[in-house]
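Here is a short walk through a protein model, written for someone meeting it now. Please keep the display in view while you read.

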Amino acid sequence: MAAEKMALAKAINESLRRALESDPKVLIMGEDVGKLGGVFRVTDGLQKDFGESRVIDTPLAESGIVGTAIGLALRGYRPVVEIQFDGFVFPAYDQIVTQLAKMHARSLGKVKLPVVVRIPYGGGIGAVEHHSESPEALFAHVAGLKIVSPSNASDAYWMMQQAIQSDDPVIFFEPKRRYWDKGEVNTEAIPGPLHSARVVREGTDLTLAAYGPMVKTCLEVAAAAAEEGKSLEVLDLRSVSPLDFDAIQASVEKTRRLVVVHEAPVFFGSGAEIAARITERCFYHLEAPVLRVGGYHAPYPPARLEEEYLPGLDRVLDAVDRALAY
Amino acid sequence: MTVESTAARTPRRSASTKSTAGKRTTAKKGTGAAQGTDPQLVQLLTPEGKRVKNAEYDTYVAGITPEELRGLYRDMVLTRRFDAEATSLQRQGELGLWASLLGQEAAQIGSGRALRDDDYVFPTYREHGVAWCRGVDPTNLLGMFRGVNNGGWDPNGNNFHLYTIVIGSQTLHATGYAMGVAKDGADSAVIAYFGDGASSQGDVAESFTFSAVYNAPVVFFCQNNQWAISEPTEKQTRVPLYQRAQGYGFPGVRVDGNDVLACLAVTKWALERARAGEGPTLVEAYTYRMGAHTTSDDPTRYRGDEERLAWEAKDPILRLRRYLEASNHADEGFFAELEAESEALGRRVREAVRAMPDPDHFAIFENVYADGHALVDEERAQFAAYQASFADAEGV
């Protein structure tokens, strides 16, 4: 009864429903989130059940969506806003970076900004430009924001609950290519901390660290590597800011090798931060340099080329082989 | 800029003093099409201090008492004195920067005194007069300019949000807040301050859209002080700013921003509309920034003395003084007492700024997050160790 198999998108929908039910201050805002239920139907049925004043269709203006959400939060509401696609967040970037991230500090802690910014992100769905990007590092660089990304339905459900309950602004990156992946969701389970990483597959030879859409890819890599006799540990980071370095360190101290995988460009990406810190923390444990697999320093390519751009089984396995060869 | 072109930038007075309805001025080269039509300017008090009738807005100040008029005068004088003191303190190296409101006292005091306690204000960084009306201690405004904090007051203490430096951002916060007010079923109103330069920003346009669509109880109070640093209003707009509202479906009105009575009346009208559920209003207070944009600015590079002199003749404080004197609403004793109060305020501000302690070093890490963040904790600990290493060295 409490545990149910559902798609990741449905899990977020159920989580939003629960939040709307349990706290009258929670609002859903965004373009097409009402009658249409969002372009991915993540908010399907919510306006019908909670009304137009709780589930608010907004003008097509991203800065306006985030800016007014800030005002609503100052009034005591807990807005959950949807940015329709990753590449559309940039008109709102100013409001997120100069206002949302800093207002708590500027007020010396007097005001809180419990705003969740939902962003369906990443590629692999054959979309046109600005619909497949992974801009998480651009947000992680900004103090005052928290950045999370679930990889499965259960996390999507619980992490959304926790993000809404957080008094800090949370950028909630949803792996859009995993929206239709089904998983068990126990709506009565007690979730772990929002910013903790989790070992999703135990291994001894090398650690694969990933989050969001790349966790599934890494699990496939680990399964393929196992057939070749290699034991890979897969770590689902779950949170990009803060990052659970203790969990990464613990895994690396065991496996002595680390490959970080994300869709975002490698250059100045979250993998760079992880590599630098893990090198500092685990210098004497490492048998190989920390390697990174991700996007290139190029605009996200047209759909017919995205399989070349995105980290897939072969590219990750190649990095695994290189790390193991040291 | 010539005197002639200055006159072309300055709208004629309202129909009550001189009928200009329906007329069009010839836009002179360099003065811009922004003032090309001759808009009606709501005015209740002429620069000479004469009270003029206005059928639409008189009712909003009909019951005003001599005491209240003296209060408005006092507010403007003290605000100007505070502002002058802050400018001096910057020149003396006590403040890193100051954004003077000189010339805009009537716009700020008039609108500020129109507010109720339960209304909420979203200012830019020049609303010292509005802060004064809200009861924010003026010394609190100076912390961010001295560099001891980035805010310095509790926004909910006086319903006066922190100063916003990014141009126009706060208009969206005001709109969202007003949407919340409406959801709560409260009858308070919200006011967003911004300038003519900010009117070019997308956020201001988006706040107009959102407030209109959701019928939010917000008043947009644009102080058109003619200059966005060195750029004149004609670099921001081809039509008078108050007319922007029409395209969004709510009323816009241009008020003489150097007329405290008119600003009070028009803002009261707009706030009452908001409270009555009639949605947003744009008020354009047509005024003049007599000083520099900030103490880092040098207006002599981009505008002539003639323009300033023309506006000085319309000084907001002088015109109310003339009215008070002519109508026997204030005597010499009042002005002398106020002068003494002014000096005391200047002294208090000076002493308070000089006594402001530098923040604790660890303030860097405070309030970055409400619920904490592992990286902030780690860096705070590293910083503490680094600081302690000096103490150890000194101890040796």
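Chain B has an accessible surface of about 16,100 Å², and carbon and sulfur atoms hold 50% of that. Areas here come from the Shrake-Rupley method with a 1.4 Å probe; for residues, only the protein chains shown count as cover. This is a predicted model, in which local features need pLDDT of at least 70, side-chain atom pairs count only at pLDDT 80 or more, and totals for chains, interfaces and linings use all residues. Residues are numbered from 1 along each chain as its sequence is written, chains are lettered from A and ligands numbered from 1 in the order in which they are written, and side-chain values use heavy atoms, with hydrogens and water left out.

Stay with chain B. Of its 396 residues, 54% are buried, meaning under 20% relative accessible area (1.4 Å probe, protein chains only). Its fold holds 13 helices and seven strands. Both are DSSP runs: helices are H or I with at least four residues, strands E with at least two. Take the contacts in chain B with a separation of 6 or more: 74% join residues 24 or more positions apart. A contact means heavy atoms within 4.5 Å.

Now turn to chain A. Its secondary structure comes to 12 helices and 14 strands. Buried residues are 62% of its 326. For contacts in chain A with a separation of 6 or more, residues 24 or more positions apart supply 81%. The accessible surface of chain A is about 12,400 Å², with 53% on carbon and sulfur atoms. Along its principal axes, the C-alpha trace of chain A spans about 60 × 45 × 40 Å.

Note on methods: Buried means under 20% relative accessible area, exposed over 50%, partly exposed in between (1.4 Å probe, protein chains only).
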